[in-house]
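Me: Can you walk me through this one? I want the sheet, the packing and the surface.

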Amino acid sequence: MNIIGVDFSGAKSDQNTWMAQGVADGSTLTLTACQPISRSELGGLLAGTNVPTIAALDFPFSVPQSFATFWTPPAQT
């Protein structure tokens, strides 16, 4: 089974996202990669997995203003 861990940066630039990847075989996890990755490369990697995969994504605690506005429910009257 593929295991992927991603640490996203909250920066607007796409230069601080890191990915660790490994293979779980029974009770052993073997690390196969640890590298910076662009968001588009990560999207392609996740979309292209053809084996069972678990991905853990660490998102920042902030979101863009436009998303926060969209997600905020209307005020109750």
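Predicted model: local features only at pLDDT ≥ 70, side-chain atom pairs only at ≥ 80, totals over all residues.

Me: What is the strand order in the open sheet?
Reply: The order is β3-β2-β1-β4, four strands with mixed pairing. Strands are DSSP runs of E, at least two residues; helices are runs of H or I, at least four; both are numbered from the N terminus. Two strands pair if DSSP finds at least two bridges between them.

Me: Why is one side of β3 and β4 left without a neighbour in the sheet?
Reply: β3 (28–36) and β4 stand at the edges with a single partner strand each, so one side of each has no neighbour in the sheet. On average, neighbouring strands are turned by 15 degrees against each other, direction ignored. Axes are lines fitted to C-alpha atoms, for helices over the stretch in contact, and angles run from 0 to 180 degrees between N-to-C directions.

Me: Which way do β1 and β2 pair, parallel or antiparallel?
Reply: Antiparallel, over six bridges. V6 has M19 in β2 as its bridge partner. β1 and β4 (residues 53–58) run parallel, also joined by six bridges. There, I3 is partnered by I54.

Me: And how many bridges for β2 and β3?
Reply: Eight, in the antiparallel sense. Q21 stands opposite A33 in β3.

Me: What does α1 touch on the sheet?
Reply: Helix α1 (residues 39–47) touches β1, β2 and β4, and its direction makes about 160 degrees with that of β1. Contact means heavy atoms within 4.5 Å.

Me: Which residues of β1 are on the covered face?
Reply: N2, I4 and V6. The uncovered face has I3, G5 and D7.

Me: New topic. Is T17 buried or exposed?
Reply: T17 is buried, with a relative accessible area of 1%. Buried means under 20%, exposed over 50%, partly exposed in between (1.4 Å probe, protein chains only). T17 lies in the loop between β1 and β2. Its contacts, leaving out residues up to four places away in sequence, include V6, Q35 and R39.

Me: Where is F67, and how exposed?
Reply: F67 is in helix α2 (residues 65–71). F67 counts as partly exposed, at 38% relative accessibility.

Note on methods. Residues numbered from 1 in each chain as written. Heavy atoms only, no water.
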